[in-house]
Amino acid sequence: MVSSLIKIDTNCNLQFHTNKYTYSIMSSSSQQSTKAPPQPRGLPGFLRRTFRNPYEQDVPESPTPVLPNDPYNNNMPQVTQGISAPPFQPNEDPYMRSGSLENATTTENSESDSSSHIRSKSETHVSAKLELQMNETSISPSKKHLRAVAFPPLTNERQQHNSNTIESSIGGDDSSDSNSLRSGSTTNSTIDSSINNINNKNADESNNTPTKSYKETQFDTMLESPIIPLRDLRKLAWNGIPAHHRPKIWKILLGYLPANTSRHTTTLTRRRREYKDAIKQHYDIPDDSRTNSEQETLRQVLVDVPRTAPEVPLFHNDRVRRCLSRLLYIWAMRHPASSYVQGINDLATPLISVFLSGYFEGKDCLDGEIMADVTDCILEEVEADTYWCLTNLLAGIQDHYTSDQPGMQRMVMHLEELVSRIDADLAAHLKNTGIEFMQFAFKWMNCLLLREFRLTCVMRLWDTYFSEGDGGFEDFHVYVCASFLVHFSGELQQMGFDDLFQFMQVSCVLSVGCV
């Protein structure tokens, strides 16, 4: 059903209004006096009739409002005050800029629905504020008067309330989104800062912690195994053992600790307790309860201990000397077949040094400064471990320290035979010069080069000896001594008796650089 309304104004202009269209019939006088305003371009005629603003028909004397900065109107001055309007688009509805807020919002919604371009919420909010300000600059004074009558101005409180309501309705989602983004950004910044702290901490740890080599990684993996493969461990340790792993590996290779890692703690506890019992039985007793041979053995031990490793400050410490004297005397009491022989005290020095460094992550303790941090409990454990490892070491070469020392003589004869096969000229020169192998090689075999090499070199040499198994300190040691003679064969063959004997005692090992 179509409703209609007919109006006649004072100029006899006829207006026919329906719910769909608005028709105007102007009188001849009005047609002559009133010039038709230019139609906005960009929209077909039926769309211009559809989107025509009915409020403008009530003010015939006011021309159709022209948009600021309209490219099709050369007479309209450009608006420079306030917020400048965006350039006019040919397909844009002109009433979206000059109409009220409701018309602007409705026109914008219809435009967004008819086109594929979708504005964001923030852009819509900004455009609505822009259109409100443009409204004040583009509407004619007569139209402003009509709007003031139809819509009286609100009080300041009410106007502020409506403004907040409009902004909340338009930008409510924006504020929630901004709050969400703000909270999300705060969360992200917190996560980023945590990640940066972790990275910085890892970077600091990586800078402080040295990178492990492939060999050290292999040692770590092998020692963490439930059952340590002794064959693979010997093969890996043959070329040297890292200082922080050396105490534990020496105990394993000497048979003091079992291959089963779960039994290490119980084994250490039991062996250390047994050694304490041995101290009470053999050492912590009155002197008058000892026999003459026991008193003579104790006297010999107490005389040799201060002479042990005189160039190493660690063995100048009274606490270390007391431990060394005690374990040597107890070993002699428990092995009466050989008892104590000079030279056994030297064999205990590498063991004490290595086992003591195990409590300080392999730190070199030969300078003796570390003794200030060594407690009596630690020193008792080191003493017990040294006693049992020395016992196992001497078990394979015990005939070196028995009467007539048959083991020493056997090793010297083996060295002479080996040099004769490898370097016959050198063996012949030594024989023609009158130098016997027993004169210079006996000390090499008795002390295992401990008085010729630095203690750090002996530790590295013993890594290979232990890896060789039972023949390391007897068979392999002979090959080491033979290698020195062959290495200096050319120089030795040019020397006489005095120079040759002096070179064998000192200069040979000095030239190698191990002293």
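Before counting anything, I noted that a contact means heavy atoms within 4.5 Å. With that in hand, I found that residues 24 or more positions apart account for 65% of the protein's contacts with a separation of 6 or more.

**Ground rules.** This is a predicted model, where local features need pLDDT of at least 70, side-chain atom pairs count only at pLDDT 80 or more, and totals for chains, interfaces and linings use all residues. Numbering runs from 1 along each chain as its sequence is written, and side-chain values use heavy atoms, with hydrogens and water left out.

**Confidence.** I checked pLDDT, the predictor's confidence in each residue from 0 to 100. The protein's mean is 74, and 57% of its residues reach 70 or more. Residues 30-35 have pLDDT below 50, and this stretch has 4 contacts in the model beyond near neighbours in sequence. Residues 166-177 are also below 50, with 13 such contacts.

**Overall build.** I counted 22 helices and 3 strands, taking DSSP runs numbered from the N terminus (helices H or I, at least four residues; strands E, at least two). Of the 515 residues, 39% are buried; buried means under 20% relative accessible area, exposed over 50%, and partly exposed in between (1.4 Å probe, protein chains only).

**Core.** A nonpolar core is a set of buried Ala, Val, Leu, Ile, Met, Phe, Trp, Tyr and Cys residues joined through side-chain atoms within 4.5 Å. The largest one here has 104 residues, and Leu390, Leu415, Trp462 and Leu485 have the most contacts inside it. I followed Leu390: leaving aside neighbours within four places in sequence, its contacts include Leu327, Ile344 and Leu351.

**Cavity.** Which helices each supply at least two residues of the lining of the largest cavity? They are α13 (318-334) and α15 (376-396), and α15 gives the largest share, 4 residues. A cavity is a set of points on a 1 Å grid over the protein atoms alone where a 1.4 Å probe fits but cannot get out, and lining residues have an atom within 4 Å of a point. Val320, Cys323 and Glu383 are among the lining residues.

**Two loops.** Ser339 has a positive phi of about 55 degrees although it is not a glycine, and I found this serine in the loop between α13 and α14 (344-357). Glu361, also not a glycine, has a positive phi near 55 degrees and sits in the loop between α14 and α15. Buried or exposed, I wondered about Glu361? Glu361 counts as exposed because its relative accessibility is 74%.

Methods:
1 Å grid on protein atoms, 1.4 Å probe; cavity = no way out; pocket = protein on both sides within 12 Å on 5 of 7 lines; lining within 4 Å.
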